[in-house]
Amino acid sequence: MKYLFIATLIGAFLACSASDGKNEIQSLENVTRDLSEEAKEYWYHGGGAEITSFELTQARYGELRKGESVMVFVTEPFSPSSNTKADNPRNDNVSVLKLNFTKRFNTGIYPYSMMNSTFYPMQKGEASLKVSTSVQEWCGHVYMELQNKKQFDLINHSYFEGESFEKSMAKAELEDDYWSKIRLHPESIKDGKRNIIPSFFYMRLMHVEAQDYLCEVKVDRSKSDVHELELTYPELNRTLRISFEGKFPHAILSWTESYVDGFGANTKLLETTGKRIKSIRSKYWEKHDNSDAGLRDELGLKM
C-alpha cells in the first residue's frame, strides 16, 4: 500500500507538470454548436456577403504605414474532399463561415498586398477546415496553407531561401479563427492560458516558426455595448486586442496588435491598428462592372 500511494502521488505530479502552462486540447472535431434563429437569418438570408472596410496602420520595417483593410464574411459550402468551395452538392459538404481578410499598404516605393482566408465550420468543429495566406510585394511572394486533416498539414512556399517547408503538427486553436468565433459564438470564448497558433499574417511577416505558442486569453465584457478580446503571447512579446459589438451580430469594430517590429537598430515595439470605416451587404461576386466601382467609394476604399 505504501508503494502504491507513492506511485499515485508521482503519477498525479507528472500529470500536473505535463499540463502546466497549457490546457488540455479538446477534440477539435467533436465540438457542436446550435445556431440561433437570429444567426441563421443573418448569415443565410441570401443578401450576400458582409463587407467591412477598415483604416489600417501597419507596422513594417520599424515604421508605421497607412493603408486599407477589408473583412469579407460570407457563408458557403466547403468540400473537404477537394479542399475548396463546393460547387456541387455532396454528402460530406460542410457549411462554413468564410473570412477573406485583406491588407494593403506601401513601404516606401513598393506596395504590400496580403490576404488571409479561413473556412470556419458553422456548427461542428472548432478549427477551420482550411487556412491560406498570401503576401505579395516587389521582392516576391509567399503562400502558406493549413489543411485540417488527422493532424494539421502545413505547407509554405516562399521566395526566401530556406523558408519553404511541408510539415504536420498536432492540432491546436488557431488565432485566425477568433474573428469568426466572435461573429458566431463569442460567449464560448473563455479566459485562460492555452496553446494557440498565431496569426498567419504575423508569422509570415516576422518569419516566426509556424507552431503553437502559449497564449493568455481574456475577454472584457464589463461594457454591454462593446466587448474586447485580448490574446497575449509572452514568448513572442505580442498582444492582439479586438473590440467588437456586445450584441448580435457582434461586428468587429477595431483591433490593436502590438509586437516588436523591424530589423537591427530599427527594432522597436509598435502597434498595428484597424478602425472600422463602413460595412455593407453585397453579392460582390456579381459587382464586377465598371459601373459597380462606386461601391468602393461607399466603403471609403482608395487604394
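A residue counts as exposed when its relative accessible area is over 50%, and as buried when that value is under 20%. The model described here is predicted.

**Helix α2**

Helix α2 spans residues 37-44. Its buried residues are Ala39, Tyr42 and Trp43. These residues lie on the same side of α2, because they cover an arc of only 85° around the axis. An α-helix has 3.6 residues a turn, so residues three or four places apart point the same way. Glu37 and Glu41 are exposed. Both sit on the face of α2 turned away from its buried side.

What do the buried residues of α2 pack against? Their partners are β1, β2, β4, α3 (178-184) and β16 (268-282). After α2 comes Gly46, with a positive phi near 90°.

**Strand pairing**

Strand β4 (residues 94-107) is joined to β2 (residues 63-79) by 12 bridges. The two strands run antiparallel. Pro77 has Ser95 of β4 as its bridge partner.

β4 also pairs with β5 (residues 110-121), again in the antiparallel sense and over 12 bridges. Asn100 stands opposite Ser117 in β5. The hairpin of β4 and β5 has 2 residues between the strands. There, Gly108 takes a positive phi near 65°.

Ser53 belongs to strand β1, residues 49-60. Val219 belongs to strand β12, residues 213-220. The table gives their relative accessible areas.

| Residue | Relative accessible area |
|---|---|
| Ser53 | 0% |
| Val219 | 12% |

Why is Ser53 classed as buried? Its relative accessible area is 0%, and the cut-off for buried is under 20%. Val219, with 12%, is buried too.

Which residues touch Ser53, not counting those up to four places away in sequence? They are Ser69, Lys275, Arg276, Ile277, Lys278, Leu299 and Leu301.

Val219 is in contact with Ile189, Asp191, Glu228 and Leu229, leaving aside its neighbours within four places in sequence. How far apart are the C-alpha atoms of Val219 and Leu236? They are separated by 20 Å. Along the chain, Val219 and Leu236 are 17 residues apart.

Methods:
Residues numbered from 1 in each chain as written. Predicted model: local features only at pLDDT ≥ 70, side-chain atom pairs only at ≥ 80, totals over all residues. Heavy atoms only, no water. Helix = DSSP H or I, 4+ residues; strand = E, 2+ residues; numbered from the N terminus. Buried < 20%, exposed > 50% of the residue type's maximum accessible area, 1.4 Å probe, protein only. Contact = heavy atoms within 4.5 Å. Pairing = 2+ DSSP bridges. Arc of directions from axis to C-beta.
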